[in-house]
Amino acid sequence: MSDFVFDENGDEVVLKKRTQAELEAGIAELADILGYTRRGVFFGGAGVSTESGIPDFRSQASEELAEELFGLPPEILLSIEFARKDPVTFHRYIREHIIDTAAKPNAAHLALAKLEADGRLAAVVTQNIDGLHQLAGSQNVYELHGSLQRNYCEGCAAKYSLDWVLDPANCREPDQVVPVCPKCGGWVRPDIVLYGEALPENAMLGAVAAINDADTLIVGGTSLVVYPAANFLHYFKGHTRVLINLGPTGYDSHADLVISAPIGEVLGEVIDQVPPRNTSET
Ligand SMILES: NC(=O)c1ccc[n+]([C@@H]2O[C@H](COP(=O)([O-])OP(=O)(O)OC[C@H]3O[C@@H](n4cnc5c(N)ncnc54)[C@H](O)[C@@H]3O)[C@@H](O)[C@H]2O)c1
Ligand SMILES: [Zn+2]
């Protein structure tokens with residue numbers, strides 16, 4: 001495992017040395033915690049999918065790429081105002097740099113799905129829009145920022161799949177990147193929360209209820225700088241807080257256990273150490 005971490009901007013290497021022994025102790029402690037967890041909630045972000053090859057936002061590379069290719073930061077390119085003003089550039093950006101149809105769930109997604117199946121995790125609350133938790137088998141997923149897998153027409157609310165919107169035949173001439181509804185001619189947009197838009201109410205209510213009821217809260221792969229999502233952590237009233245993140249976050253000082261290592265590697269190892277649940281327990 002790597003023995004360095006990135007700062008929360010993702011661009012500067014912080015020379016925080018970790019020994020293998022420290023890391024192993026952290027993993028063993030997390031396995032113990034999960035051993036008594038019955039209604040855990042995982043709260044995550046883009047860092048959960050970097051090991052699947054999807055870059056996060058805080059990395060300098062993502063910022064620079066957007067600036068270099070489009071002359072604008074991701075926060076502008078992914079805003080509702082910009083998407084309406086320049087849908088061709090908006091759709092080019094998400095097709096070329098946000099949507100990754102080849103990405104597969106990594107060890108973190110798979111471990112979380114197994115923890116749910118084993119009756120330890122009640123829900124995953126994610127800021128991600130890639131749909132990889134569901135692909136890994138997680139059932140109870142609250143997507144605070146929506147999902148690229150779903151698309152709908154602004155005019156008539158008809159629903160379309162990701163494959164459908166990516167087919168140039170369903171997109172407006174001459175660029176063939178902006179999908180148009182065959183029923184009403186309206187703009188078919190991804191069901192994601194763009195900057196300047198409100199979070200979906202159902203996902204918010206479900207996430208708050210799950211966090212409020214959780215016995216253990218595991219936060220991972222998120223810089224916690226995107227609001228209001230980060231505020232959800234305040235609803236936790238349970239006993240144990242765990243943070244697994246490469247870079248430092250504002251949550252480090254609140255967590256009972258902090259593991260600064262790649263989350264796929266950590267959860268991939270932890271899952272083998274969690275004791276099996278006795279089927280007679282409640
Ligand atoms: N996969 C996706 O769906 C995706 C990708 C990029 C951005 N986004 C969106 O952008 C916003 C970004 O906010 P955010 O807080 O989710 O992400 P972020 O990019 O702000 O922060 C990611 C954090 O994860 C850490 N990290 C990166 N790789 C890691 C790994 N392998 N293991 C552990 N930690 C790792 C980084 O140090 C950083 O602190 C979100 O709203 C999200 O909707 C989503
Ligand atoms: Zn329509």
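Which residue in strand 8 is the bridge partner of Cys 153? The bridge partner of Cys 153 in strand 8 is Val 188.

The model is predicted, so local features need pLDDT of at least 70 and side-chain atom pairs count only at pLDDT 80 or more, while totals for chains, interfaces and linings use all residues. Residues are numbered from 1 along each chain as its sequence is written, and chains are lettered from A and ligands numbered from 1 in the order in which they are written.

**Strands**

Helices (H or I, at least four residues) and strands (E, at least two) are DSSP runs, numbered from the N terminus. Two strands pair if DSSP finds at least two bridges between them.

| Strands | Sense | Bridges |
|---|---|---|
| Strand 6 (residues 146-153) and strand 8 (residues 188-192) | antiparallel | 5 bridges |
| Strand 6 and strand 7 (residues 159-161) | antiparallel | 3 bridges |
| Strand 3 (residues 40-44) and strand 4 (residues 121-126) | parallel | 5 bridges |

Arg 150 stands opposite Ser 161 in strand 7. Strands 6 and 7 form a hairpin with 5 residues between them, and Ala 157 in the turn has a positive phi of about 70°. In strand 4, Val 125 is the bridge partner of Phe 43.

An open sheet is formed by 6 strands in the order 5-4-3-9-10-11, with parallel pairing. Strand 5 (141-143) and strand 11 (257-259) stand at the edges with a single partner strand each, so one side of each has no neighbour in the sheet. On average, neighbouring strands of this sheet are turned by 15° against each other, direction ignored.

**Helices**

Axes are lines fitted to C-alpha atoms, for helices over the stretch in contact, and angles run from 0 to 180 degrees between N-to-C directions. Two residues are in contact if their C-beta atoms, placed from the backbone, lie within 7 Å. Helix 1 (residues 20-36) lies across strand 9 (216-220), strand 10 (240-244) and strand 11, running at about 130° to strand 11. Helix 6 lies across strand 3 and strand 4, at about 145° to strand 4.

Helix 6 (residues 107-117) also packs with helix 10 (residues 263-273) at an angle of about 35°, their axes 7 Å apart. The residues of this contact divide into 8 nonpolar, 2 polar and 2 charged. Here Ala, Val, Leu, Ile, Met, Phe, Trp, Tyr, Cys and Pro count as nonpolar, Asp, Glu, Lys and Arg as charged, and the others, Gly among them, as polar.
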